[in-house]
Amino acid sequence: MSTIAEMIVNALARHGVTHVWGVVGDALNPITDAIRRHEDIDWVGVRHEEAAAFAAGAQAQLTGRLGVCMGTVGPGSIHLLNGLYDAKKSHAPVLAICGQVPSAEIGSDFFQEVNNDVLFSDVAEFARSLTSANQMPHVLEHAVNAAIAKPGVSILTIPGDVGSLEISDDVALPRFAPTAAATPASDTQIHAAASAIDAGEKVSLLVGMGARDARAQVLELARKLQAPMVVTLKGKEGLERGNPYQVGQSGLLGNPAAAGALDDADVLVLVGTDFPYREWYPQGKTVVQLDTRAEHIGRRVHVDHALIGHAAPTLDLLLPRLNDVEDSTHLDKARKAYEKWCKSQQRLTEPPKKAGVVRKLRGAVDNPDDLIRPEAVAKALDAHASADAIFTVDTGMCTAWVSRFVSFDNERRLLGSFNLGSMANAMPQALGAQMLEPGREVIACSGDGGLMMLLGDLRTAVSYQLPIKVVVFNNGSLGMVKLEQNQGGLPTFGTDLDNPDFAAVAAAMGLDSIVIDDPRGLHDQMPEALRRPGPVLIDVRTNPEEVSLPPKVSAGDVWGFAIAKSKEFINSP
Ligand SMILES: Cc1ncc(C[n+]2csc(CCOP(=O)(O)OP(=O)(O)O)c2C)c(N)n1
Ligand SMILES: [Mg+2]
């Protein structure tokens, strides 16, 4: 005889789940107790359930396996929500086990009662409450299978009295469905796409994370077509390495060479990407889109030929049907522009030699040479992090710095909240990553605003001896919003951060720390800090005036800055 809680925990452990992240609570006691007694599955107690969901999502993204988190009745479950949305939008398979009031009280507006099935209806592929032992094992099977098949989030809600209900021995053990095999697009689709591509003279590729398992095929496609390849932020890991066709990224984080490569083409081939920004797609091209999900076709740009299938097997069939392009003018032009841009960016990361080298982008700064450029911080991380480091990056300006200056032309991994765009993701994602691989270098690139949001879970790194390195891009502001306000012609408002002394906070929390506030010391202090044992908070005081300018700055943007500055001047006392 086993209980519902034991059956769930045993089945998850057999499935390969190694950690369950959450905050304990009465309704979940039977589950946490079953975890306590199980040898192969560990409980990780966090300080805020949102951190649990981010950590579980990070583990799922790194391994492709199910991540699991828990939140108890009402507020405990509500706290999971933001991290679960991130998992949903990152296509990470995550199971959230949520507590509920005793089954007899359901529907009575009982203390802490919320209707989880409704609360999670938008975020979850599957959200059901388990109220009887007769629902086992199929409800658990359905929850796990739904999370893995999508991939996405499943919610299993368990009232306080249900976890300890007994299940008779003749009930079958839960079994989960295997993952679906990779399948190619249909022959008709491949034939039509091949004709359209061959008819073009200049082909450009936009490649995303959906092509990660098709690295060899995508490189061969670029070679055959002599096509420049724009790689999305999420496609960087895996596709940047040994890729003589890539021209960096498009969009706000990107560079003019990528925008030019897309504009110059007459045929655009999208592979495994749902890059969301319409305004960064070129107009009037013949567009071919390859994606496993039919619902992605045409939702960003009008598509002429859809290929519904997995990238690797589809490209295996498409490649032999394409003619070899001999003329490399289109590719050469894009690569030359990209190399020129890379060189110009390099200058932004060099330590100042004499006064005036650091360009004042805006505002009055007394001694800009004494301030650290965030670009230089990212470059220092690139130079000194190990070749297989896992980077996690907060939403904010950090995303721009890491995407532009940290290279992923090796075994590095990159996690962020790239589709939800939530702040505060980097540190808890780093906890999740480090827990999986205690010996691997894990670096959280946090905004000062982002870190403060889930600050309590810094202590989780200490409690579980997770040697994460938290690099705080400390610009004393919600910098990204400051930029947005200025671009829109608004005076800066509400973006200043009254930060605590992060080194003192780290000390109080039991973390080692270091302050880097001199650009000339960056390349000595950063490697020293990264090599320290245990968790370290690296407080880097960056130039608050440094902004990440998009590759195409419109006249409107320039006016925005000018108007914003004059308004600030007029409003100043
Ligand atoms: C949870 C959440 N709240 C608010 C926002 C809106 N937002 C986007 S970036 C940003 C500022 C981030 O500041 P910080 O973490 O200090 O990074 P910085 O841009 O200064 O590098 C804000 C408020 C968000 N994306 N997520
Ligand atoms: Mg900031």
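Residues are called buried when their relative accessible area is under 20%, exposed when it is over 50% and partly exposed in between (1.4 Å probe, protein chains only). The model is predicted, so local features are given only at pLDDT of at least 70 and side-chain atom pairs only at pLDDT 80 or more, whereas totals for chains, interfaces and linings use all residues. Residues are numbered from 1 along each chain as its sequence is written, chains are lettered from A and ligands numbered from 1 in the order in which they are written, and side-chain values use heavy atoms, with hydrogens and water left out.

Cys398 is buried, at a relative accessible area of 5%. With a disulfide taken as a pair of cysteine sulfur atoms within 2.5 Å, the structure holds zero disulfides. Cys98 is in no disulfide, and the nearest cysteine sulfur, which belongs to Cys69, is 7.3 Å away. Cys98 has 0% relative accessibility and therefore counts as buried. For Cys398, likewise in no disulfide, the nearest cysteine sulfur is that of Cys445, at 6.1 Å.

Secondary structure elements are DSSP runs numbered from the N terminus, with helices (H or I) of at least four residues and strands (E) of at least two. Helix H2 (residues 29–37) contains Thr32. Buried residues in H2 are Pro30, Ile31, Thr32, Ala34 and Ile35. These buried residues pack against helix H1 (4–14) and against strands E2 (19–22), E3 (42–45), E4 (67–71), E5 (94–100) and E7 (153–159). Thr32 itself has a relative accessible area of 13% and is buried. With contact defined as heavy atoms within 4.5 Å, Thr32 is in contact with Val24, Trp43 and Met70, its neighbours within four places in sequence being left aside. Between Thr32 and Pro467, 435 residues apart along the chain, the C-alpha separation is 25 Å.

Gln59 lies in helix H3 (residues 49–63) and is buried, with a relative accessible area of 5%. When residues up to four places away in sequence are not counted, Gln59 touches His19, Trp21, Gly64, Gly432, Met435 and Leu436.

Metal donors are N, O and S atoms within 2.8 Å of the metal (3.2 Å for Na, K and Ca); water is not among the atoms, so sites may look incomplete. Asp448 (OD), Asn475 (OD1) and Ser477 (O) coordinate the magnesium ion (ligand 2) at 2.0 to 2.1 Å. The sequence spacing of these donor residues is D-x26-N-x1-S. Asp448 is buried at a relative accessible area of 1%, and Ser477 is buried at 3%.

Rings of Phe, Tyr and Trp (its six-membered ring) pair if their centres lie within 6.5 Å; planes under 30 degrees apart count as stacked, over 60 as edge-to-face and the rest as tilted. By this rule there are four aromatic pairs. In the pair Phe275 and Tyr277 the ring centres are 5.5 Å apart and the planes stand at 75 degrees, so the arrangement is edge-to-face. Phe275 counts as buried at 12% relative accessibility, whereas Tyr277 is partly exposed, with a relative accessible area of 41%. Phe275, Tyr277 and Tyr281 form one aromatic cluster.

A charge sits over a ring if NZ of Lys or CZ of Arg is within 6 Å of the ring centre and within 35 degrees of the ring normal. The charged end of Arg128 sits over the Phe126 ring, 5.6 Å from the ring centre.
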